[in-house]
Amino acid sequence: MARRPRVAPMDPTDSTLSEERPSAPRKRTPWIIAGALVVVVAVLAVALATRGGDEDPVPPGVPSVDVTVTIPAGGSIQAAVDAAEPGTTFKLAAGLHREQQVTPRPGDVFEGVGDETVLSGARVLEGWESGPTGWSVGGQTQEGVQHGQCRPESPRCDRPEELFIDGQRLRHVASLADVAPDTWSFDYAADRIHIGVDPAGRLVETSVTPFAFRSDAAGVVIRDLVVTHYATQTQYGTIHAAGTDWTIEGVTSIDNHATGMFLNGDR
């Protein structure tokens, strides 16, 4: 989808555009008048051709190419980005796009189909074992950046990992003795997650991916999709816009650790 640059309208009061009037009137020949009309028509044509309309204006220096790449659920968004030119439009198909982590380039556009396009930073947990403290699963080597200070009722707020059972977030506790049906605990030393409810027939997920979109590139557009269940580091965003002229429209960012969207670029 090509996007056209926005052109500032001409200011009729600008002194540089005013015509210096002679002290005495002089006769204008028809060819001079015709030439002036041609110039006016050309200026109007350029102004109309470069109006943005309903399209996104492209900031100066940001590439925009007339190329669209469709990415099905399960496909790698970052691999598609790496294979395309900056300024490409990426259509994210309906479905669940798991563990996607994207670094946009200048002018890249990412478009979903609303609530049907879901980017999830979570992994499904399988291979549970029952024991005296409930149920646990090993081999959990993910460990995000620990940062921040926590209140006593949320002792693991400085850890970015979250856990969900059938889509419901459980509270992360520091001690195995505090594990209950509505809490969970990560034994980072043993690489093991513990829960207090039988996981049989349940969907148990833990967040492992630190962000969905993060870049300092300019002119990035993200619209019409959902980002959820990301293990985002405290004081960072699941969508982290560090570049200028970003557009984020029709996006839901929910049930992520830390900030849903963090905007620290200009415009």
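Biologist: Is His 240 buried or exposed?
Modeller: His 240 counts as buried because its relative accessibility is 7%; buried means under 20% relative accessible area, exposed over 50%, and partly exposed in between, with a 1.4 Å probe and protein chains only. This is a predicted model, where local features need pLDDT of at least 70, side-chain atom pairs count only at pLDDT 80 or more, and totals for chains, interfaces and linings use all residues. Residues are numbered from 1 along each chain as its sequence is written, and side-chain values use heavy atoms, with hydrogens and water left out.

Biologist: OK, and what does His 240 touch?
Modeller: Leaving out residues up to four places away in sequence, its contacts (heavy atoms within 4.5 Å) include Phe 213, Trp 246 and Asn 264.

Biologist: Switching topic, how many salt bridges are there?
Modeller: The structure has 10, each being a side-chain nitrogen of Lys or Arg within 4 Å of a carboxyl oxygen of Asp or Glu. One of them joins Arg 223 and Glu 111, at 2.6 Å from N to O.

Biologist: Are those two buried or exposed?
Modeller: Arg 223 is buried at 11% relative accessibility, and Glu 111 is buried at 8%.

Biologist: Which residues are linked in a network of salt bridges?
Modeller: Lys 91, Glu 111, Arg 223 and Glu 249.

Biologist: What about Glu 162, which residue does it pair with?
Modeller: Glu 162 forms a salt bridge with Arg 169, and their closest N and O atoms are 2.9 Å apart. Glu 162 is buried at 5% relative accessibility, while Arg 169 is partly exposed at 49%.
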